[in-house]
Amino acid sequence: MVSRTLSAPDLSDAAFAARFHDVADAAAHTDGYRPFNEQALLDARSGRRSPQLLLEGEDAVGAAIVGEGQIALVVHPRYRRRGHATAALRRLFEDEGGMSGDLTAWAHGDLPGARTLADRFGFSAVRTLLQLERPLTDADTEASPVLPDGVAITGFRAATADEPGDNADWVSLNALVFATHPEQGAVTEADLAARMAEPWFDAGDLLLARASTDDAAPGRILGYNWVKIEPGAPLGEIYVLGVHPDAAGAGLGRALMLAGLARLRRRGCSSVELYVEAESAGPVRLYRSLGFTDRTVDVQYHRSPR
């Protein structure tokens, strides 16, 4: 059983971070998907949430990220089915003063063990996130997106000391498009800057659909497709796709998707993945029409205050 937890204010301690990532990497290798999503890791690096190691003696049997009303937990594959997850949650509840407020937790893969654990601690499923994938071929670079009249696709212009760039306009549009989404709709300019500082960021991968203007000034942003490629990875990701409500229904989402697939293939990706809320019927229909199929399912659980 978990005998104690070892926490750190963030992941800046190299020795702690190495042990933490060893657990996460082992789980990803065995399960085929990452145990912590990007936002959890960004929060752990910045100190907004606490990274923790779950220890049995001196062995790291698991890892967790806690704080801000959220729990993310994974047990090292070598130590599974020994009661470590149950013991770890009991320990986390004790160490965090009962964690009596609203709590959420993601179960990546929606495994039976996660459902059993959620039920044991009084969590209920509230959201389902589909992970879809498809191969990329040279034919994707030959697709011709059909854009509405007066609209062109350009790259993102990062803000500088002399120019405002697209930062504020993109954050504003993203907040509008995802107004009802608890994570994506809350992205701030600081959050955008944090992602732009990541090794994978390339301004050319954030494709913007702009309205044409009569002068040289950049036009209003009507939609975007941000694609993501981790350094050296053959797998690309449709990171986030959004279309202004005023431009919906004109085929802009499909055009941006085709442009994004072409961009990923030209940059050497052999396959692509994306995440979408299961109840988002329109986007799910679009992605399936473009050849995406199911890879796995993530479920978010919620526990009411006690």
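Student: Why is the pair of arginine 48 and aspartate 191 called a salt bridge?
Tutor: A salt bridge needs a side-chain nitrogen of Lys or Arg within 4 Å of a carboxyl oxygen of Asp or Glu. In this predicted model, the closest N and O atoms of arginine 48 and aspartate 191 are 3.3 Å apart. That value is within 4 Å, so the pair is a salt bridge.

Student: What makes such side chains pair?
Tutor: Side chains of opposite charge can pair when their charged atoms come close.

Student: What parts does the pair of arginine 48 and aspartate 191 tie together?
Tutor: Arginine 48 lies in the loop between α2 and β2, and aspartate 191 lies in helix α7. These parts are 143 residues apart in sequence. Helices (H or I, at least four residues) and strands (E, at least two) are DSSP runs, numbered from the N terminus.

Student: Is aspartate 191 buried or exposed?
Tutor: Buried means under 20% relative accessible area, exposed over 50%, partly exposed in between (1.4 Å probe, protein chains only). Aspartate 191 has 11%, so aspartate 191 is buried. Arginine 48 has 41%, so arginine 48 is partly exposed.

Student: How do you know that glutamate 38 forms a salt bridge with arginine 195?
Tutor: Their closest N and O atoms are 3.7 Å apart. The same rule applies, so the pair counts. Glutamate 38 is in helix α2 and arginine 195 in helix α7, 157 residues apart in sequence. Arginine 195 is buried, at 7% relative accessible area.

Student: How many salt bridges does this rule give?
Tutor: The count is 23 salt bridges. One of them joins arginine 157 and aspartate 166, at 2.9 Å between the closest N and O atoms. Aspartate 166 is at 0% relative accessibility, so aspartate 166 counts as buried. Arginine 157, at 34%, counts as partly exposed.

Student: What covers the buried residues of α2?
Tutor: The buried residues of helix α2 (residues 38–46) are Ala40, Leu41, Leu42, Asp43 and Ala44. Their cover includes α1 (14–31), β2 (50–56), β3 (59–67) and α7 (189–196). Just after α2, glycine 47 takes a positive phi of about 90 degrees.

Student: How do you know that domain 1 and domain 2 are in contact?
Tutor: The bounds, 2–99 for domain 1 and 136–268 for domain 2, come from an automatic or database domain assignment. Contact means heavy atoms within 4.5 Å. Five residues of domain 1 are in contact with six residues of domain 2. Four salt bridges are counted between the domains.

Student: What area is buried between domain 1 and domain 2?
Tutor: About 490 Å², with carbon and sulfur atoms giving 29%. Buried area is the accessible area (1.4 Å probe) that two parts lose on being put together, summed over both. In domain 1, Glu38, Gln39 and Leu42 lose the most area to domain 2, together 74% of what that side buries.

Student: Why is threonine 86 called buried?
Tutor: Its relative accessible area is 11%, so threonine 86 falls under the 20% limit. Threonine 86 lies in helix α3. Leaving aside neighbours within four places in sequence, threonine 86 is in contact with Leu117, Arg120 and Phe121.

Student: What should I keep in mind about the numbering and the model?
Tutor: Residues are numbered from 1 along each chain as its sequence is written. Local features need pLDDT of at least 70, side-chain atom pairs count only at pLDDT 80 or more, totals for chains, interfaces and linings use all residues, and side-chain values use heavy atoms, with hydrogens and water left out.
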